[in-house]
Amino acid sequence: LRSCSPGRARRTNASRRNCLVARFRDIYTQERLDAETLLRTYISDMEMVQRIIYIAAVESFHAAKMAYRQFKIRVRDTLSRGHSGPESLEDTVLDYIVHHEDLYDVQASVNEVIRSMDINPKISFPPEIDFIVISTLIRELCHVAFSMQTLTPPLDIAFGTDGELISETKYHRSLNSDFTAVLVAYHVWPALMENDIVIVKGEAVTKR
């Protein structure tokens, strides 16, 4: 068997991971708040605004992960026809994706996220407005989620449900929380995970 040296993508894994984690934090402090301000011009209910943003984040990760899997299948199929090494096919595929992330059709993912949000029973929007108003936030989340799939191991967000026990290791409580309550009323922002370990806390509201 031919021994394979790590590809460039694997050699840059740590630095790319650090940049993506930092970008995820930036989206939380910048684009999320921009989207919140924008939505408040249409919706007076702050809880609904925060629910919309959280679901946008969850759906963005879902759409980006699906797009990555499909993209990787196409790249592997194409490169396998003429692959001869010295790197393994998987490393070659990963290198190609990392260096050609501009080929990711992010707009298709944004459209998919908005379609999913339109039929989500937990959120609503004035009929004269469309979720496309927060497409900047959705686009940035899709970009970072797609790039996080190229890491080893990939990064993902935690799965959260209304009414779950608050996990102090996963979430900060929002300031409007009941700090004596132990159940999550709703989530504001997802936690970022690596191999089931929290690396960036999310935010949740607890109420009795």
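This is a predicted model: local features need pLDDT of at least 70, side-chain atom pairs count only at pLDDT 80 or more; totals for chains, interfaces and linings use all residues.
Residues are numbered from 1 along each chain as its sequence is written, and side-chain values use heavy atoms, with hydrogens and water left out.

**View 1. The largest pocket and the residues nearest its centre.** Here a pocket is an open set of points, on a 1 Å grid over the protein atoms alone, where a 1.4 Å probe fits, with protein on both sides within 12 Å along at least five of seven lines. This one holds about 370 Å³ of space, a volume being the space filled by probe spheres set on the points, which are joined across faces, edges and corners. Its lining (residues with an atom within 4 Å of a point) has 19 residues, and Tyr-54, Ile-55, Val-58, Phe-159 and Gly-160 lie nearest the centre.

**View 2. What lines the largest pocket.** Look for α4 (46-80), β1 (155-157) and β3 (184-189), which each supply at least two lining residues; α4 has the largest share, eight. Helices (H or I, at least four residues) and strands (E, at least two) are DSSP runs, numbered from the N terminus. The lining comprises eight nonpolar, five polar and six charged residues, with Ala, Val, Leu, Ile, Met, Phe, Trp, Tyr, Cys and Pro as nonpolar, Asp, Glu, Lys and Arg as charged, and the others, Gly among them, as polar.

**View 3. The second largest pocket.** About 220 Å³ of space lies here. Of its 14 lining residues, Ala-63, Ala-67, Gln-70, Ala-108 and Ser-109 lie nearest the centre. Two or more lining residues come from each of α4 and α6 (106-118), and α4 gives the most, with seven. Eight residues of this lining are nonpolar, three polar and three charged.
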